[in-house]
Each structure stands twice: as C-alpha cells, then as structure tokens.
Amino acid sequence: MTLDLAQTIAPVEIAQKPAPIAGRSGTDVLGRIGNLETRIARSVSEIDAAQAVRYRVFAEEMHAKLSADAVRRKRDIDAWDMVCDHLLVLDTSIEGDAEEQIVGTYRLLRQDVAAVSGGFYSQSEFDVDALIARHPDKRFMELGRSCVLPAYRTKRTVELLWQGNWAYSLKHGIDVMFGCASFHGIVPEEHALALSFLHHNVQAKDEWSVSARPELFRTMDLMPSEGIDARRALSAMPPLIKGYLRLGATVGDGAVVDHGFNTTDVLIVLPIGKISGRYLNYYGADAGRFAS
C-alpha cells in the first residue's frame with residue numbers, strides 16, 4: 001500500500017552548506033517552512049537541548065521510566081547520543097538562542113558509524129542483523145527518538161522532519177532507512193485494529209523481511225483481515241507511523257513491548273528505492289527542487 005504524501009505537503013526550501021562544527025557530520029539548514037527550519041545539531045549544547053525536549057515528551061508526557069540520573073538532569077540520554085547526528089526542528093520566531101528554539105528532534109545513525117560504535121539501537125528488539133546481512137551492497141540508516149512538542153504536532157513540523165531525513169540521506173548515500181516506531185502503552189491488544197492492519201497490509205516481505213527477537217515477539221495478528229476497516233485503522237495510528245506509510249514503508253513481523261518507555265514498538269523498513277514516486281517527483285530525486 002502506498003499513501004499519497006505529496007497531496008498533503010507544502011513546498012520546503014532546502015539549502016545544504018558545510019557544517020560549522022568540526023568532527024560532526026551534517027549540513028546547515030536542510031529545509032524551511034515559514035518560521036520553522038530543520039537542520040543538524042551544531043554543538044553539544046544543542047544536543048543537550050534536544051535531550052531536554054525528549055525528556056519533556058517521553059518522561060513527563062508519556063511516563064517513560066528513565067534512570068535516576070536522567071530524572072535528576074531532566075534529560076533523556078543514552079549511549080548512542082554522542083555518536084548519532086541529531087536532526088532538529090527550530091521555531092526561529094522564539095526569542096533567544098537556538099537551544100531555546102528546538103521544538104522537535106530525530107536521531108540519525110548511519111551504518112558506518114554504528115559498525116564502530118556498538119551497533120544499532122533497534123537491534124535490542126528486532127533482528128536487524130539478519131536484514132542488513134542480506135543487503136551487503138546497501139547502506140542503512142536508523143531513525144530514532146523522534147519527538148515533537150505538543151504545540152508543534154502539525155503537518156508542517158512532520159514535513160520538515162521528513163525533508164531533513166531525505167536531504168541527509170542523499171548527502172550520505174543512504175539506501176535504506178529503518179527504525180522503531182511506537183504506539184503508546186504496553187498492551188498491544190489495545191491497538192488491535194492498527195496493528196492488525198499493519199500485519200495484513202504492509203508487512204515487509206522476502207528480502208526485506210525482519211522479525212522481532214523471539215523472546216520479545218508479540219503478535220500483531222489480532223484481528224482477521226476481513227474485519228478491518230482501513231480508514232479507522234489509519235486514523236488510530238500515531239502520526240509518525242502514518243507518515244512512514246505515506247512514504248511507502250513496510251513493517252517487520254511482530255511487535256515488542258518496551259516497558260521502560262511505556263510503548264509498543266514496531267520496526268519500520270523504508271528502502272530509498274521504494275519511496276513513493278509522487279514524493280520523489282515533488283521534492284526532486286536529488287533533493288534540489290527547492291534548493292536556494
């Protein structure tokens with residue numbers, strides 16, 4: 001199934017410039033809509049501010065159970081933060097420094113970095129190794145820790161996050177994006193309609209198949225296909241997962257309950273070559289349609 005992203009998005013201005021911070025990969029502004037812009041974090045202080053935004057969403061809003069140190073510091077932090085690039089959405093109309101303007105963030109981990117830095121985050125839940133091993137000629141990138149402050153959960157913010165991912169992927173020659181996406185809560189049966197729709201309609205097959213680790217596997221086949229109303233199923237999904245589907249993503253087999261983050265996770269698999277043609281035509285296969 002491929003949903004039509006181009007009918008729901010507004011033009012985005014893209015500009016790729018050298019990173020101003022030595023030692024970190026990235027670009028300057030990747031996209032802009034009105035007062036919102038997206039780019040890679042330029043400094044440790046901006047990463048710290050992104051961790052503070054994550055804490056507000058994951059701990060204070062979604063009641064994730066973080067470490068005592070994280071609670072004391074009011075930051076969502078883990079070992080991957082200092083090896084990943086951090087995609088930011090900033091509201092430039094907010095007075096103050098960039099750290100005060102961050103309203104959304106995404107964490108990006110390229111395969112070449114993961115290979116020398118302890119692997120991918122999602123390997124703890126899904127058999128990502130098997131998927132990657134079937135594609136030795138392709139370069140993978142993990143997307144994770146996506147969050148947006150409540151007041152900014154709009155179409156424009158999601159558009160900018162996708163634009164940033166797209167431009168970054170092209171810059172680094174990425175062939176496949178993947179990562180965990182979450183439903184709120186630790187009872188998969190509460191999301192039976194949406195999970196069953198994903199299982200029956202968009203499960204990754206053949207060379208792209210990937211499964212939850214056996215000891216963590218929770219079935220997504222909770223309703224018969226003939227009993228699923230597609231519109232209701234889509235409306236029951238988190239916006240992030242719907243966004244992946246619009247791009248043409250598929251999902252792995254089985255969900256995983258993350259008690260620490262109070263979520264039910266599925267694995268998203270998105271080969272660049274399978275991204276919706278309408279999306280590519282809209283932004284340009286070289287991410288240059290709105291280049292300045």
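Modeller: Met 237 touches Phe 183, Ala 194, Phe 197, Leu 198, Lys 242 and Leu 245, leaving out residues up to four places away in sequence; a contact here means heavy atoms within 4.5 Å. This is a predicted model, in which local features need pLDDT of at least 70 and side-chain atom pairs count only at pLDDT 80 or more, while totals for chains, interfaces and linings use all residues. Residues are numbered from 1 along each chain as its sequence is written, and side-chain values use heavy atoms, with hydrogens and water left out.

Met 237 belongs to the largest nonpolar core, which has 65 residues; Leu 198, Met 237 and Val 266 are the members that touch the most others. A nonpolar core is a set of buried Ala, Val, Leu, Ile, Met, Phe, Trp, Tyr and Cys residues joined through side-chain atoms within 4.5 Å. Buried means under 20% relative accessible area, exposed means over 50%, and partly exposed is in between, with a 1.4 Å probe and protein chains only. Helix α1 (residues 44-61) gives this core its largest share, 8 residues. Helices (H or I, at least four residues) and strands (E, at least two) are DSSP runs, numbered from the N terminus. Another core lies apart from the largest one; it has 20 residues, including Leu 109, Phe 126, Val 256 and Leu 267.

Helix α6 (residues 192-201) is mostly covered, with 8 of its 10 residues buried. In α8, Ile 241, Gly 243, Tyr 244, Leu 245 and Leu 247 are buried. Gly 248 follows α8 and has a positive phi, near 110°.

Strand β9 also holds Thr 263, which counts as buried at 4% relative accessibility. The side chain of Thr 263 makes a polar contact with that of Asp 265, at 2.9 Å. Such a contact is a pair of N or O atoms within 3.5 Å; within protein, one must be able to donate a hydrogen and the other to accept it, and residues adjacent in sequence count only if both atoms are side-chain atoms. Setting aside neighbours within four places in sequence, Thr 263 is in contact with Met 62, Ser 182, Phe 183, Gly 185, Ile 186, Val 256, Val 257 and Asp 258.

Next, the aromatic rings. There are 5 aromatic pairs. Rings of Phe, Tyr and Trp (its six-membered ring) pair if their centres lie within 6.5 Å; planes under 30 degrees apart count as stacked, over 60 as edge-to-face and the rest as tilted. Phe 58 and Phe 261 have ring centres 5.5 Å apart and planes at 75°, so this pair is edge-to-face. Phe 58 lies in helix α1 and Phe 261 in the loop between β8 (256-258) and β9 (263-271), so the pair ties together parts 203 residues apart in sequence. Both Phe 58 and Phe 261 are buried.

Phe 140 and Phe 178 form another edge-to-face pair, 6.1 Å centre to centre with 70° between the planes. Phe 140 is in strand β5 (residues 140-148) and Phe 178 in strand β6 (residues 176-184), so the parts tied together are 38 residues apart in sequence. Phe 140 is buried at 0% relative accessibility, and Phe 178 is buried at 1%. Ring pairs join Phe 120, Phe 140 and Phe 178 into a cluster.

Cys 84 is buried at 2% relative accessibility and Cys 180 at 18%, and a search of the whole structure finds 0 disulfides (pairs of cysteine sulfur atoms within 2.5 Å).

For the protein chain as a whole, there are 9 helices and 9 strands. Buried residues make up 54% of its 292 residues. Among contacts between residues at least 6 apart in sequence, 74% join residues at least 24 apart.

Conventions: Disulfide = S-S within 2.5 Å.
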